[in-house]
Amino acid sequence: MTEFLSPQHHAESADARGARMRRGPLRSGDRVQLTDEKRRINTITLGTDGEFHTHKGVLKHNDVIGLPEGSVVENSVGHRYQVLRPLVKDFVLSMPRGATVVYPKDAAQIVQMGDIYPGARVVEAGVGSGALSMSLLRAVGDGGYLHSFERREEFADIARDNVQAVFGGPHPAWRISLGDFQEQVVATEKPGSIDRVVLDMLAPWECVDAVATVLAPGGVWVNYVATVTQLSRVVEAIRATGQFTEPESFETMVRGWHVDGLAVRPDHRMVAHTAFLVTCRRLADDAVGIPGSRRVKSAQFAPEDVSAWTKDHAPEEWTPEALGERGVSDKKIRRAARDASRIFDGAEASHEGFEPAGDGHDVRPEPPRD
Ligand SMILES: C[S@@+](CC[C@H](N)C(=O)[O-])C[C@H]1O[C@@H](n2cnc3c(N)ncnc32)[C@H](O)[C@@H]1O
């Protein structure tokens, strides 16, 4: 029989950053989800002598620590909870956030359609709350390279703690730089040295030249944009360079199903629009691109119609508010930074085997970007 994976290979993957803290009995410092009989979820950090209080009684953390994951426990009045460590998709929706996160359904698409592979050299911007960085780091693995750029230091701090909470400490493949991507990436990365670029920001068209400089021939560029106006502008900007393949644009919608006996139907609510994805690949320097065969001739549009979608449109009108982004108050950012730091302290302690302070911490999931 052919052996595809050697025992040594198994041992190495077991040591991958963050793998150990996802296995074994529940420990002090672990984040866990408590799901009650009405399927309400509370996320807490376990700590020795800690307590989780609700109007329906008290659950002692000591009654949970040491149990296998997936146990069902009772609180002081017999209220039952199913206990599981959150998956990364759960953590992303409940973690402290400054900027809006990439929703899990889209992170999955980015990893697959962006062809992010173990060992790849990837750059991303902006880091925001670090949600996408987690998926990219898992995909490139400990032996890969992810260089993330963020212009707002307070967001980078929150992201760093969130990512470290997921991996139980600093990830060996991760580097964050502060500043504008388009300036920093060309200052820090050699021309043609990057395999994949992922941008989730307001104005990715400002980065076209920088991406063309650092991306290797054949390298993939993925853009994540929330509005149709951004989608149009970035696609036209990519085409105008002639340095990339014809951009492909798409979105995904995820509809859950209710399956119970003969009552089998789609859920009433679904995750519909979050954002659009645009992918393209870097052509070789001397190649002449092959444009889409069914392009509409620009002469068919009046200039004033086209200007609403392109770089000719007044730059001061492309504001975050005009594009539908909600501002984040300083108070909310400070709170997210405190929460992220507290969660990371717990994760680090769990990973290293230390005992952290034992108070429970509730975080309610927020909806995806609107
Ligand atoms: C929507 S958030 C990113 C969310 C992140 N991908 C996540 O999953 O948590 C957009 C971020 O891009 C940053 N940003 C916008 N333009 C940028 C640029 N040119 N260079 C670096 N960061 C930028 C913003 O400060 C903001 O934090």
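Two strands are taken to pair if DSSP finds at least two bridges between them. The model discussed here is predicted.

1. The four-stranded sheet. Four strands form an open sheet with antiparallel pairing, in the order S2-S1-S6-S5. Strand S2 (41-45) and strand S5 (72-74) are at the edges with a single partner strand each, so one side of each has no neighbour in the sheet. On average, and with direction ignored, neighbouring strands here are turned by 35 degrees against each other.

2. The pairing of S5 with S6. S5 and strand S6 (residues 80-84) run antiparallel and are joined by three bridges. Within this part of the model, Val-73 stands opposite Tyr-81 in S6.

3. The seven-stranded sheet. A further open sheet has seven strands in the order S9-S8-S7-S10-S11-S15-S12, and its pairing is mixed. Its edge strands are strand S9 (174-178) and strand S12 (248-250), each of which pairs on one side only.

4. The pairing of S7 with S10. Strand S7 (residues 121-125) and strand S10 (residues 194-199) pair in the parallel sense, over four bridges. Ala-125 has Leu-199 in S10 as its bridge partner.

5. H3 lies across S10, strand S11 (215-225) and strand S15 (276-281), and runs at about 10 degrees to S15. Helix H5 (residues 153-167) lies across S8 and S9, and its direction is at about 170 degrees to S9.

6. The contact of H3 with H4. The axes of helix H3 (residues 104-113) and helix H4 (residues 131-140) come within 10 Å and cross at roughly 40 degrees. H3 is therefore oblique to H4. The crossing of the two helices, H3 and H4, is right-handed. Ala-107, Ile-110 and Val-111 in H3 meet Ala-131, Leu-132, Ser-135 and Ala-139 in H4. By class, the residues of this contact comprise six nonpolar, one polar and no charged.

7. Which of the 22 residues around the ligand come nearest? They are Ala-99, Gly-126, Gly-128, Ala-131 and Phe-181. H4, strand S8 (145-150) and helix H6 (181-188) are the elements that give two or more residues to this shell. The shell divides into 11 nonpolar, six polar and five charged residues. Ala-131 also takes part in the contact of H3 with H4.

Technical notes:
Residues numbered from 1 in each chain as written. Predicted model: local features only at pLDDT ≥ 70, side-chain atom pairs only at ≥ 80, totals over all residues. Axes fitted to C-alpha atoms, helices over the stretch in contact; angles between N-to-C directions. Parallel < 35°, antiparallel > 145°, perpendicular 65-115°, else oblique. Left-handed = near helix turned anticlockwise from the far one by under 90°. Contact = placed C-beta atoms within 7 Å. Nonpolar A, V, L, I, M, F, W, Y, C, P; charged D, E, K, R; others polar. Near = placed C-beta within 6 Å.
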